[in-house]
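Here are my notebook entries from a look through this fold. Please keep the viewer open beside them.

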Amino acid sequence: MPEPTKTSEVHMSFRNSKVVIVGAGNVGSTTAFSIVSQGLCEDVCLIDINKEVAVGQALDMQDAVYFMNRNMRVHAGGYEECSDADIVVITAAAPMPKDSNDRLEMLKPSLHVVREVVQSVMASGFNGIFIVVSNPVDIMTYYTWRVSGLPAERVIGSGTNLDTARLCRALSQMYDLAPASVEAFVLGEHGDSEIVSWNSATIGGKRVDDVLRDNAPRTRGTTREDLRKRTVQAGWDVFSRKGNTCYGIGASVTAIAKSILLDEKSIMPVSVRVDGMYGLSGTYLSVPAILDHTGVKEIVEIDLQKDELEALHKSAELLTSFYGKLDA
C-alpha cells in the first residue's frame, strides 16, 4: 500500500490541489467547468479516449478562466496525471441503449469501460478519492471499490444527491419557497427503487407530512408517492428532450468535490458502502454521509419509518443481486 497522500493525511489547500476528470463528454466537461467556475482547486485535468475532444474542452475552459479572476491550470492529459490527484471523477461510460430508460441495462458495457479506467488510474499510483458518476452509479461505485482496492471511505458515488435536489425543488415550487428551505433526503438506488425519507423531511422546520396536510389548496392532492415518482422521472424528462443531463449532475458532483477539497464536512446523500447501519451488509447505495478531506468521514443513520426501512432494504437487495455478476 502506498504511503498516504495529502488526501488522507492533512487538510487540503488550494495550492497543489488537483482534480482529474475521466470522460470529457457532456457530464465530464460540465463538471470540470463548474469546478473551474468555483475555483475549487489549482489544477483540473481532463482525460478522454478521444484526446482531441479533451484538448478542445480544456482550451475552451482556459479561455474562460481569464474572465473569472482565477489562477487555475486547465489541461488535457493521460492517466499519469492521476498519480498526484486529490480526486478522480469517473464520468466515462458506455452509450445509453436506445429507447431505454433503464440504467441497469448499461451494466455490462459500462463494466468494461469502468474497469479499464480504474485499473489505469491505479497504475499511476493514485491514492486519493474516487467520485463515480457513471451509471448505473451504485453498481459502478461498488465495482470501482472492488477493482481499485482502496478503502471504501475513499470511493464515493454521486448517488441520489441530484435526486434529492430535484425533490427539494419540487416541494419548494409547490409552496413558492427557496429550495434551500426544504430539507429532505432521497435514499437507496439512484433509480426506480429509490425512496424518500419522509420521516425526516421538513420545510422550515415543519414536517413535510404536516405541510402537505395543512396546505391542501396549494398541495392540490399531490401525494408523497406522486412526489417520489416525479423525482425518479425528473432525469428522463431532461434526457428525453435534449439527449443528456449535464448541468444538474455537474453541479451535484462539484458540491461533493467541494466538501472534500475544502473539508466542509457537509452531509449529502451519496452512494457509499453501508455495512451494519440501517441493517444492511456491505451494500453500496445512497444514505446521508459526512464528507471531508478523507472522503466519507461518517455515515449518518437517520430514523426511518418501518415501511421506509423495508423499501430501503428492497432497494439494497436489487443492487446486491448484481454483485455476483461482476467480474473484477
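**Entry 1**

I started with S110, which touches A93, A94, N135 and M140 when residues up to four places away in sequence are not counted; contact here means heavy atoms within 4.5 Å. A note on the ground rules: I am reading a predicted model, where local features need pLDDT of at least 70, side-chain atom pairs count only at pLDDT 80 or more, and totals for chains, interfaces and linings use all residues. Residues are numbered from 1 along each chain as its sequence is written, and side-chain values use heavy atoms, with hydrogens and water left out.

S110 is found in helix α4. Helices (H or I, at least four residues) and strands (E, at least two) are DSSP runs, numbered from the N terminus. Is S110 buried or exposed? S110 counts as buried, at 0% relative accessibility; the cut-offs are under 20% relative accessible area for buried, over 50% for exposed and partly exposed in between, with a 1.4 Å probe and protein chains only.

Next I looked up V118, which lies in α4 (residues 107–123). V118 is buried, with a relative accessible area of 0%. Leaving aside neighbours within four places in sequence, V118 is in contact with I90, F130, T144, V147 and S148.

I then followed the pairing, which needs at least two DSSP bridges between two strands. Strand β1 (residues 18–22) runs parallel to β2, and five bridges join them. V19 has V44 as its bridge partner in β2. From β1 the chain crosses through helix α2 (residues 26–38) to β2 in a right-handed β-α-β crossover. Right-handed means that, with the strands pointing away from the viewer, the path from the first strand over the helix to the second runs clockwise.

β2 is also joined to strand β3 (residues 73–76) by four bridges, again running parallel. Here V44 stands opposite V74. The chain goes from β2 through helix α3 (residues 51–65) to β3, and this β-α-β crossover is right-handed.

**Entry 1: what α2 packs on**

I compared the angles next. α2 and α3 pack at about 20 degrees, with their axes 11 Å apart; axes are lines fitted to C-alpha atoms, for helices over the stretch in contact, and angles run from 0 to 180 degrees between N-to-C directions. That makes α2 roughly parallel to α3. S29, A32, F33 and V36 of α2 make the contact with Q57, M61, A64 and V65 of α3.

With helix α10 (residues 247–261), α2 packs at about 50 degrees, the axes being 8 Å apart. The two helices are therefore oblique to each other. The classes are under 35 degrees for roughly parallel, over 145 for roughly antiparallel, 65 to 115 for roughly perpendicular and the rest for oblique. Among the α2 residues that meet α10 are V27, T30 and T31.

**Entry 2: an open sheet**

Last, I looked up three strands that form an open, antiparallel sheet in the order β7-β10-β11. Its edge strands, β7 (182–183) and β11 (206–207), each pair on one side only. V182 stands opposite I203 in β10.
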